[in-house]
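Reader: I'd like to learn how to read the features of a fold. Could you walk me through some?

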Amino acid sequence: MKQKIVDLVESTKAKIDKAISAKELTDLKVEVLGKSGELTLILRGLKDLPEADRPIMGKVVNEARVALEKAIGSKIGELERKELNEKLMSERIDITIDNKRELGKIHPLNAIKRKAINFFVSMGFIVTDSPEIETTYYNFDMLNIPFDHPAREMQDTFFVTDKIILRTQTSSGQVRTMEKVKPPIKMISPGRVFRSDEADATHTPCFHQLEGLVVDKGITMCDLKGMLASFAKHFFSENSSVRFRPSHFPFTEPSVEVDASCPHCGGKGCNVCKGTGWIEILGAGMVNRRVLSGCGIDPDVYTGFAFGVGLDRITAICHGINDARVPFEGDIRFLKQF
Ligand code: DAH
């Protein structure tokens, strides 16, 4: 019987060594030490031994049980630790590694805005800010846009209340400046403007303008044209030029639309300029006498010019963007190109 026990212990230990999962060992434990396990059966057989041998053999069986329980238990512990380690390693997140982070960039529209601001600041303009949520007083009344003007229609303007709107133009900033500062004035005011347009390839309900205003004694349209010609050269190329076309804005008199020679074809005519050689970049004019006097500036003493640049349009021209919606979408594939 003793030999049988020794053999069983040996063969069980070999199985323990070979086992590769905790489950295998729990099964082995049942097989050898369980209720009908091999060692348990041997223990039951003790009763058939001569009485004198029973305690000795009983001791051997017990020692074998203790030794096997210990061996199985420690191998299970070892395997469980190993399994846990493998799991932890495979699910590991190393929060200290950050070299995969992508660097951000300036949005093309902001890059153009900064380029424009730098140009005007280098010409001695100050940069002002003006509210996006504006009153009809600053956005319309003070800019000589009467109550029955179509720009005040619901389909053009986002109304918050009857008298509070989202500004439709940065021109409201002209009035806010002239109320506070007396000439000489040389300011720009860049920012977002809003019109209740359905978004399509040429319209977005939010877009960006850069307003400019110069008021002093003896300011003429020649000053406006000279400054805008330098602006076009700064933006597009040394060979760029501008042309004025008569237009109408209630807050300027006379008013003009300003075209720059097409930067893509140099004025020869291409699909960007629709064969004309020119592209419209802004509206401008001499500040209307009514606007000046409304702000307490004597129009017999002072004159001024004003202009409003469409920044989205300039960005589109510079980068060949043919859908106005795309710069607002935040699509990483678009932004990565700049
Ligand atoms: N505010 C005009 C617009 O949104 C643009 C504009 C035209 C601004 C003439 C001016 C200007 O300052 O003189 O269409």
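**Reading the fold**

Author: Let's begin with an open sheet of 7 strands, which has mixed pairing and the order 1-4-5-9-8-7-6. Strand 1 (126-127) and strand 6 (242-249) are at the edges with a single partner strand each, so one side of each has no neighbour in the sheet. Strands (E, at least two residues) and helices (H or I, at least four) are DSSP runs numbered from the N terminus, and two strands pair if DSSP finds at least two bridges between them. Bear in mind that this is a predicted model: local features need pLDDT of at least 70 and side-chain atom pairs count only at pLDDT 80 or more, while totals for chains, interfaces and linings use all residues. Residues are numbered from 1 along each chain as its sequence is written, and side-chain values use heavy atoms, leaving out hydrogens and water.

Reader: In which sense do strand 1 and strand 4 pair?

Author: Parallel, over 2 bridges, with strand 4 covering residues 185-194. There, valine 127 has isoleucine 188 as its bridge partner.

Reader: And how many bridges join strand 5 to strand 9?

Author: Strand 5 (residues 206-216) and strand 9 (residues 303-310) run antiparallel, joined by 8 bridges. Look for leucine 210 opposite valine 309. Strand 9 also pairs with strand 8 (residues 278-287), antiparallel over 5 bridges; here glycine 285 stands opposite alanine 306.

Reader: What about packed helices?

Author: Two packed helices are described by the angle between their axes and the distance between the axes. The axes are lines fitted to C-alpha atoms, for helices over the stretch in contact, and angles between N-to-C directions run from 0 to 180 degrees. Helix 1 (residues 2-18) and helix 2 (residues 22-33) pack at about 170°, with axes 11 Å apart. That makes the two roughly antiparallel, a label for angles over 145 degrees.

Reader: Which residues in helix 1 meet helix 2?

Author: Leu8, Thr12, Lys15 and Ile16, which meet Leu25, Leu28, Glu31 and Val32 in helix 2. Contact means heavy atoms within 4.5 Å.

Reader: Is threonine 136 buried or exposed?

Author: Buried means under 20% relative accessible area, exposed over 50%, partly exposed in between (1.4 Å probe, protein chains only). At 9% relative accessibility, threonine 136 counts as buried. Threonine 136 is in helix 6 (residues 136-139). Setting aside neighbours within four places in sequence, threonine 136 contacts Asp141, Arg152, Phe159, Asp162, Lys163 and Ile165.

Reader: Which residues are buried in helix 5?

Author: Pro108, Leu109, Ile112, Ala116, Ile117, Phe119 and Phe120. Just after helix 5, glycine 124 takes a positive phi of about 95°.

Notes: Parallel < 35°, antiparallel > 145°, perpendicular 65-115°, else oblique.
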